[in-house]
Amino acid sequence: MIISFKTDIIILMDNLIIQKLKNKDHLPWNLLLLADPSREKVEEYIKDSNIYIALLNNKTVGVYVLTNITSDVIELKNIVVDKSHQRQGIGEYLVLDAISRAKDKKVKKIEVGTGNSSLSQLALYQKCGFEIIGVDKGFFTRNYRQEIIENGIKCVDMIRLAIDF
């Protein structure tokens, strides 16, 4: 439940605040690299992105990135919650916050991509209204040198999801 809405800050649940990160010199690398193991790739896409952090009792516990793909499409990237704070609803708050901010930007669509092995993430995105729009076959084997295994499944393909506004 949203308690208060200000320009760049949303206050949710007790002591959870989602706000735009103003200084990219203080990036939460420990979290960003949980969602995307390639620092090089993260550095590349955050240059032209807005980064939002979730603060719980003034501690950064989550992050997501919004990147404009075109004037009509925004992409949600690198959404992650600190392992010690997962399964508390923070990830859902982050996704819903991203959707709300995309709507506020008057884009026509928000997209997200996740691995075929990211079962919880696939469920969360669909619960929040995203629909599967395609599969980028072999994305992770083409773009990442190190093999990625989640839930005992090799991550090979990127599942693309979107919400049209």
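Eleven salt bridges are found in this structure, a salt bridge being a side-chain nitrogen of Lys or Arg within 4 Å of a carboxyl oxygen of Asp or Glu. This is a predicted model, in which local features need pLDDT of at least 70 and side-chain atom pairs count only at pLDDT 80 or more, while totals for chains, interfaces and linings use all residues. Residues are numbered from 1 along each chain as its sequence is written, and side-chain values use heavy atoms, with hydrogens and water left out.

**Salt bridges within helices**

- Side chains of opposite charge can pair when their charged atoms come close.
- Arg-39 and Glu-43 join their side chains in a salt bridge, with 3.1 Å from N to O.
- These two residues, Arg-39 and Glu-43, sit four residues apart in helix α2 (residues 39–46), so about one helical turn separates them. Helices here are DSSP runs of H or I with at least four residues, numbered from the N terminus.
- Arg-39 is partly exposed at 40% relative accessible area, and Glu-43 is partly exposed at 38%. For these labels, buried means under 20% relative accessible area, exposed means over 50%, and partly exposed lies in between (1.4 Å probe, protein chains only).
- Asp-97 pairs with Arg-101 in a salt bridge whose closest N and O atoms are 2.7 Å apart.
- Because Asp-97 and Arg-101 are four residues apart in helix α3 (residues 90–104), about one helical turn lies between them.
- Asp-97 and Arg-101 are both buried.

**Another pair and a network**

- Glu-147 meets Lys-154 in a salt bridge, at 3.5 Å from N to O.
- Lys-154 is partly exposed, with 40% relative accessibility.
- A network of salt bridges links Glu-75, Lys-109, Glu-111, Arg-160 and Asp-164.

**Cysteines**

- How many disulfides are there? A disulfide is a pair of cysteine sulfur atoms within 2.5 Å, and by this rule the count is zero.
- Cys-128 takes part in no disulfide, and the nearest cysteine sulfur, that of Cys-155, is 20 Å away.
- Cys-128 is buried, at 11% relative accessibility.
- Cys-155 is also buried, at 4% relative accessibility.
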